[in-house]
Amino acid sequence: MTQVIVSTLLWLLVASLLILRRGRTDRSILLSALTIAVAMTLNIDGLYRWVDRLLGGTNLVTLAADLALMLGIFFLGRAVAKATEYRPRIVRFALGRVVLAVALVCTVVAFAFIDRGVTTTTLMLDFGAQPAAAVYSMTQFAYDAIVLTAMAAVTTRQIRRGRGVDRLPAVSLVIGSALGLVLAAVVIAMDVAHLAGNISLMRGFGAAYSPLFLSTFLFLCAGLASQPAIRWMRARSRASATRRLVSQTTPIWQRANLVRPGMSQQDAAGFSAADPETRLHRQLVEIRDAAVDPRVSFELSDAESVIVEAAEEHLLGRGAGAGSSSSGLATRATP
Amino acid sequence: MTDTVKVATRAPEALQELELGDSFSFDELVSAVEHRRGRPLRIVELADLSDRDGICALWFGTDAEDLVVHTRSVSALHRQQFVLHELAHIILDHGHDDDLDGADQLLPDIAPATRRRLLRRQDLVTADEIAAESLADHLAAAIRGSVMHESKYLEIFG
């Protein structure tokens, strides 16, 4: 049941990323979610048995699913590495291809040495006493722990930088990463206990496995889906504010163009007013051009000044709910 | 190709040549221009510049540096547009054929021998002025984009 819930969560995440991050250039998170979703789906008991029988009934699906999971974790690590300016050599190395390649080779070799019997959906419970199986499991979870540690560090920095509702996705990712680290520790402890023949201790740790597994993915999926969702809602809100400001400044701009025709009136400029922000920007520039030109008579009333200033703050990203301006000109060009 | 089409299509091409991507900060743009020109770029405010026939900004290039002078404005967005317009002239490599007579009145202390090129944002009627203003609009849009992206973190996860 846990596998079904986790798979569903991941496919929902894939769908939300496809919708909310449409047109975005970086695909690391989507690739990660997609690969992990495939891995989790392959682990659903009914599907696992069916596919494994097709592959000869030697539990090769376990290997395929676990390799897909590691690849997904690698994409997640790559996203984490791209998302932070602070990348010491050790972090770059840990999240890089070399560590992935070593982990993949170790996993495949260890898997080859497991005496696996016939199709089973409880491979580690059945064969975990074998050293090769312990190495197989520990290699994967050690690799997962490396990436999740980096993820926790990056998202913790983001919590400190963010404010208000912006912090929630990062908080969710930190909790998910922390739970994932505990999960990795629990699995490694189960492997060691199993290897040592202490089955009661292994079962003791095992009681925490499913709740940890489910909550790890719940928080990670919530964090990964809510960040683009917040961004999408903010973009919609900004677009709505832009349209309102365009309609408010249009009469002022038309009055300015009567005394000082701007570039938007030049055929050769090929100016397109299709994008509301581009149109608002042009209108504001032409209003200001008319206001500062001593050759023409054009003044803004107090009410018009309030509208124009609000529109400028909006475009510069200083309006309500917007981030800080990155124009940089205030510090460079003014005394 | 008509003049209209030429002017309209020059800006996106020039923007691509900067290799800064779809969004960048003002400082990143200045650094890219400095790198491309191989010389420093200075931006200076001159309060009474607009008293002269509505001139908002001008650029003049010497062998040692590029200097952008702009008038004072209460509007940060307008001030940014002045400078972006001059940066657009630099990026589009304008100013080879300009008559420098006007510069003598504006900057009488600068010797003509040290002054290589001079362009000013005043009336946007010539093809070069329209192209520069059009590119300035594109640059402003890219800077707005960087405000929306805010950080690498949001670029990847947002």
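What pLDDT does chain B average, and what share of the residues score at least 70? I found an average of 76 for chain B, with 68% of the residues at 70 or above; pLDDT is the predictor's confidence in each residue, from 0 to 100. Residues 1-6 of chain B fall below 50, and this stretch has 6 contacts in the model beyond near neighbours in sequence. I count two residues as in contact if their C-beta atoms, placed from the backbone, lie within 7 Å.

**Ground rules.** This is a predicted model, where local features need pLDDT of at least 70 and side-chain atom pairs count only at pLDDT 80 or more, while totals for chains, interfaces and linings use all residues. Residues are numbered from 1 along each chain as its sequence is written, chains are lettered from A and ligands numbered from 1 in the order in which they are written.

**Confidence, continued.** For the complex, the predictor gives an ipTM of 0.81 and a pTM of 0.69. Chain A averages a pLDDT of 87, and 93% of its residues score at least 70. Helices (H or I, at least four residues) and strands (E, at least two) are DSSP runs here, numbered from the N terminus. Residues 320-328 of chain A stay under 50, and the model has 25 contacts for them beyond four places in sequence. Residues 330-335 of chain A are also below 50, with 9 contacts beyond near neighbours in sequence.

**Chain A overall.** How many helices and strands does chain A have? I get 13 helices and 0 strands. Of the 335 residues in chain A, 44% are buried. The cut-offs go by other C-beta atoms within 10 Å of a residue's own, with C-beta atoms placed from the backbone: buried is 20 or more, exposed is 12 or fewer, and partly exposed is in between. I also checked contacts in chain A between residues at least 6 apart in sequence, and 71% of these join residues at least 24 apart.

**Two helices that cross.** Next I looked at helix H10 (residues 199-259) and helix H11 (residues 276-292) of chain A, whose axes come within 8 Å and cross at roughly 35 degrees. Axes are lines fitted to C-alpha atoms, for helices over the stretch in contact, and angles run from 0 to 180 degrees between N-to-C directions. The residues that meet include A:Leu245, A:Ile252 and A:Trp253 in H10(A), and A:Leu280, A:Leu284 and A:Ile287 in H11(A). By class, this contact has 12 nonpolar, 5 polar and 4 charged residues. Ala, Val, Leu, Ile, Met, Phe, Trp, Tyr, Cys and Pro count as nonpolar, Asp, Glu, Lys and Arg as charged, and the others, Gly among them, as polar.

I stayed in H10(A) for A:Ile230. A:Ile230 touches A:Val165, A:Asp166 and A:Pro169, leaving aside residues up to four places away in sequence. A:Asp166 is 64 residues from A:Ile230 in sequence, but the two are 7.5 Å apart in space, C-alpha to C-alpha. A:Ile230 is partly exposed because 18 other C-beta atoms lie within 10 Å.

**A strand in chain B.** Is strand E3 (residues 66-70) of chain B mostly covered or open? It is mostly covered, with 5 of its 5 residues buried. In a regular strand the side chains alternate between the two faces of the sheet. In E3(B), B:Asp66, B:Val68 and B:His70 point one way, while B:Leu67 and B:Val69 point the other. Strand E1 (residues 41-45) of chain B runs parallel to E3(B), joined by 5 bridges, and B:Val44 stands opposite B:Val69. Strand E2 (residues 57-61) of chain B runs antiparallel to E3(B), also with 5 bridges, and B:Phe60 has B:Leu67 as its bridge partner. Two strands pair if DSSP finds at least two bridges between them. E2(B) and E3(B) form a hairpin with 4 residues between them.

**Positive phi.** A:Asn59 has a phi near 65 degrees, a positive value in a residue other than glycine. A:Asn59 lies in the loop between helix H3 (45-54) and helix H4 (60-83) of chain A, and counts as buried because 22 other C-beta atoms lie within 10 Å.
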